[in-house]
Amino acid sequence: MERLQSSVVRTPPNSTVVQRRSKSYRQSYRSCLGAPSRLGLTPGLTARRLNSSRRALKSHVITVSHTNPSLTIFYVLLNLQRETLNGHVFYPVLFLLKEKVNPEHLALLVKTEWRLSYVTPLHQFRHTQLKRYSRQLSAFIAAEKQQGVAMEVEGSQSGFRVSFSVVQGLAATDDDAETVLIQIYSTPVFARQDEPQKSVWSGWLTCINGNPEYLESLPKGFTCLPLFGGSGAEVLTSLVKSWFQRTFDCCFGPLEINHTSLQWLAALWTNCHTESNLQHLKMIWTLPVVPPLQVTYTVNPQDAWELWMSVRKDRLERTEEEAEAGSIDIEEVVRFVQGLKSHFYRHFRLDLSAGNLNQVSTTLGSAKSSGKIKISNSRYMITTLTLLTECALLKMPI
Amino acid sequence: MAASINLSDSERSSPNDQSVSSRSSNRSLRVAEKERRKNEAEDPFVLALKYFSDVEAGTPLYGNDDFERNLVLVEKVAYSRGLPPEAISIMLEFAMSLRMGSAPCVRVLKCLIPASVVPQEAVVRAVVWLGVGKIPINTQILFIKWVLTVFDMIDAKDQLRAIYGFIFSYVTEENLCPFICHLLYLLTRKESVRVFRVRKLLELQSKLGRQPFLLHLLSLYKVFCPELVTLSIPSRMRSGFRNHISPWKSALIAVQKRNGPQVASSMSLAFTTMDKTSSRKRKHCHLQIPALRPVVNKEAPADQSSSRKVVPLVQIHSFAQLLENMHRIELPAQMGSLLGSSLALQYLDCVQDESALLRLNFWLGYTLHEEFLFCGDGGATQNSEEALQFLNKLLSAHHFLQEGFSSSEAFLYKFLNFWDGSLLRPQILGLLSNIPVVPSSQIGRLLFEPLMQLFFTSSLFFKCGLMECLNNMLLKWLTWHSVYALEDDLDISLNSHTSINMTLSGFKDSVMELVRFVGRLASVGLQIEGCHSLFLSFVLDFYETVCDTFLKYGLPLVVMPPSGVFYPALLATDPISVDRLAYIMHRYKVNLTSAKAQEKQTKQAFHISRQTFHEFNHYVVVMVSCLWNSKMFQPGLGIQLGEELLLKSNVPQYWASFDLIHHPAFMSYAVDFHQKCWPGKKDMDLSSIKHSKPWSWYLEYLFTQGYDGLKQFVQSNISRQLTAGDGQGDTQQR
């Protein structure tokens, strides 16, 4: 243990997960933090953020030389609970989208409310086989919709048409698998002959700035696209999920956006106010009283911005690297939210710390604790998806 | 009719069957009588068969006494003993060729009860006749039903499979279709599934609607070629084809009974079971073990073109098949499905593919997390019945494989922090006992801290359960050690699936930590529970494992119990605990002696510390002076009390109050012995047993009561000097 700790030189204890790749299949024990706070874990557990670029990340990698790889894994597991709020946590504020992203695809991703899930790594998923997957999934949906009627896979199907496509250029690092977009079209029941098929469901699987240690630890044959968002009829969502489960031997679980992540998003969006107007910062809190109390707290964007600026760390305090990455510190987020809370307390004598943040919305986007998110401005797409990818990876069972 | 008919008790199943069977048994009685008479003459059965094989086409049927007589003969034989293969061939050929018209067809078909096997050629010829002759449709159906009934008795299937296409062409016959589909289902192999056949069936489906027989055949096609066809079977649909045994049932049973069990074994009926999908809708369905399904997206075509043909696991139905195809089994689409069948578990044991195991662990970890950790609305308590079954299944898989899955291990480390100690206790403790060796530097935080909290806040039964669990854990660790320890470099792989190696000293440290932890738990637990004898018994179980680590498992490690365990056992009120303690001390001695001998012999110091010897000797001295020498409370021994305090207690001869006579556990034996020894004596003087002769009798008496531990302890530690006369022993100190 001594050795482990002493090797953590100037490294924020929570910046990276230490994993030694063993031949075994037990790569990581990190996911204990994904448990909801009812289980006694502090809500701030998912506050660990990864750094922005791989270059910067390298300096944060804790190198451990130990004979037993599982030791380091255990070490990580045990230390996670402590490394919540007291360490430096860096968060890249802004990733600008690379130009090559197809604007049509991008348009599909913004302004839709997505219901999120986490997905365990896909087995034998090939980005080159998307056409085939389209056919299989449409046949599967047709067969499931009409229980007890067999469907030919290769034949032309009426009813549902599925299209799989790659959203090129969304991936931020080389380790990230390219985002996959799925759309389901259907012919309306009383359609005219020439009427085009209507999109009835869409969804995507993505991995943006996924923890490289985790991604590299997966053996060949696995594709990690841990974040899934779906929008459309619930029936279709579950059909798509079960097709993925059967085809790529993966599992889908609901991904909530916890208290801390919502605070992050609030700070993140506020930070962008100068670039694009927030119009409002609206937060919904629930307080555990009888009868349950819901507080909708709307802040003038200029006021929020000024508060945010006041809690920002002095630029001089920052190391060069941090300033370069334009990072946000978790302490700043905590101070920001604390400021908002004490303001509220001054006026209404109600301490919001007793409650839970359930929803945050601005014109840049909105997020609900139930795991629904809408990103309204494509500029902040990558940033938000990075955060969500991280949340999803924290839920991985191993 | 139910899909599965149990032949043995179907005779009393319904009144309808009853009448049929009694009729047939009457008939068979008559037949048997005549048969005996006939056996004396030359065999008329052979003559009858000759008649049917030679009879010319167009022979009139009506008023044909020869025909009638011969057919009755054949029927008699058929219904009593069953027909031999050649007779089946002849009669089937006779019937299907319509040599005497279609009228006798049904009658002949009904008496085709095979005695042993059905020759394949006969069936193939008959199928061909199906295409040639003008057999009435009902007879055709009867024939197919007959083939389905005797399918398992057909001696080979290769030629039938060769005419798969020919048989397939009959699916267009609307009346035959259900039966043909069933027959095809039994004959289908991967090669038979072709695009045009799939299309034909789909076309039929659009014409006939969703018919179970089409769906069953198509679902088999899907198993073989999921890339060609897809469907989902509605949950309320009955699984499997119905069987068509009814026209032959009673006769088959009769023949089967008569011919004995060797035919009965081959009489497994030709119906198939399909994976049952539970119809119940649940909110949380993650506890369901996925069904075995073949992979849809096969690997690169280069792989297929090579000579290596793979067999999907779904197609394996018996252990023999598994062995035969072991080298070319294709893993299912979802690895989690392997947990669902015992046969698949057999295969899982041999799976070396790392990513396959990773898939399994992802699924299992996900399931456990979602059900017990992430489920916000108390999912585990909500459907504890399902959780129970799931964990039981997981446990039995663990037991079968003799090791735990790493994802369940990782899950347990988290879950122990949230567990209330009562939810699904036996299952959780069972899983816990399967975790592999934890490095000693981590064992405290991962295991001991949460377990300690649970232990001290839970009931006696939890304490006992945990003690048993830790004992099992230790046993498994020691067994791993003895199995996987490599002699040269002292490295052990802890788990056949993981290659995490651990040095011997690391392993010893972990074991030591565990034993010491249990020692602490046991000491405090005994105190809290007032030395409850049930708990003490579990503690002694644990130390029975610990005392034998060197001899039984070859681990050069001896850890003595703490005094918090030793004294409660020594002073226990039940003789069994004292006896077990004596046994444990005896085993310690045997282990230590042989360790020392080996050390001397091999000059290889594996160093059992002086401290251990010291502790052992101390305990032995205490035991001997307490039980044997009546020198309790002497200075220098473990238990010391102030002189005045002892005098104040007014116990006469307090130093002898824990010897084998006055020990609360053995007092009743001493009294009993006293009464038997001196039946006349009015006043009881237990101290008189102390004299040399009665003392050795008393010991004999105790040993005959089954206290073997005590016996071994006495024999190995006390050399009695009978000449000394006062029964004083002498401890052997080392």
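1. Glu332(A) and Arg312(A) are joined by a salt bridge in which the closest N and O atoms are 3.0 Å apart, a salt bridge being a side-chain nitrogen of Lys or Arg within 4 Å of a carboxyl oxygen of Asp or Glu. Glu332(A) belongs to helix H11 (residues 330-348) of chain A, whereas Arg312(A) sits in the loop between helix H9 (301-311) and helix H10 (320-325) of chain A, so the pair ties together parts that are 20 residues apart in sequence. Both Glu332(A) and Arg312(A) are buried, where buried means under 20% relative accessible area, exposed over 50%, and partly exposed in between (1.4 Å probe, protein chains only). Helices are DSSP runs (H or I, at least four residues), numbered from the N terminus.

2. This is a predicted model, in which local features need pLDDT of at least 70 and side-chain atom pairs count only at pLDDT 80 or more, while totals for chains, interfaces and linings use all residues. Residues are numbered from 1 along each chain as its sequence is written, chains are lettered from A in the order in which they are written, and side-chain values use heavy atoms, with hydrogens and water left out.

3. Over all chains the structure holds 18 salt bridges, including one between Asp66(B) and Arg69(B), whose closest N and O atoms are 2.9 Å apart. Asp66(B) is partly exposed at 39% relative accessibility, and Arg69(B) is partly exposed at 48%. A network of salt bridges links Glu68(B), Glu75(B) and Arg107(B).

4. Lys676(B) and Asp672(B) also form a salt bridge, with the closest N and O atoms 3.4 Å apart. The two residues are four residues apart in helix H32 (residues 667-677) of chain B, and are therefore separated by about one helical turn. Lys676(B) counts as exposed, with 57% relative accessibility, whereas Asp672(B) is partly exposed, with a relative accessible area of 26%.

5. The largest nonpolar core has 204 residues, and those with the most contacts inside it are Leu432(B), Leu447(B), Met585(B) and Tyr698(B); a nonpolar core is a set of buried Ala, Val, Leu, Ile, Met, Phe, Trp, Tyr and Cys residues joined through side-chain atoms within 4.5 Å. Helix H24 (residues 460-484) of chain B gives the largest share of this core, 12 residues. Domain 1 (63-67 + 90-95 + 257-315 + 326-394) and domain 2 (103-145 + 156-254) of chain A both give residues to this core, so it lies between them, the domain bounds coming from an automatic or database domain assignment. Apart from this core lies another, of 90 residues, among them Leu71(B), Val124(B), Ile163(B) and Cys181(B).

6. Not counting residues up to four places away in sequence, Met585(B) touches Met560(B), Phe566(B), Phe616(B), Tyr619(B), Val620(B), Met623(B) and Phe713(B), contact meaning heavy atoms within 4.5 Å.

7. Phe415(B), in helix H21 (residues 406-415) of chain B, is buried, with a relative accessible area of 4%. With residues up to four places away in sequence not counted, Phe415(B) touches Phe372(B), Leu373(B), Leu423(B) and Ile428(B). The C-alpha atoms of Phe415(B) and Ile428(B), which are 13 residues apart along the chain, are separated by 9.4 Å.
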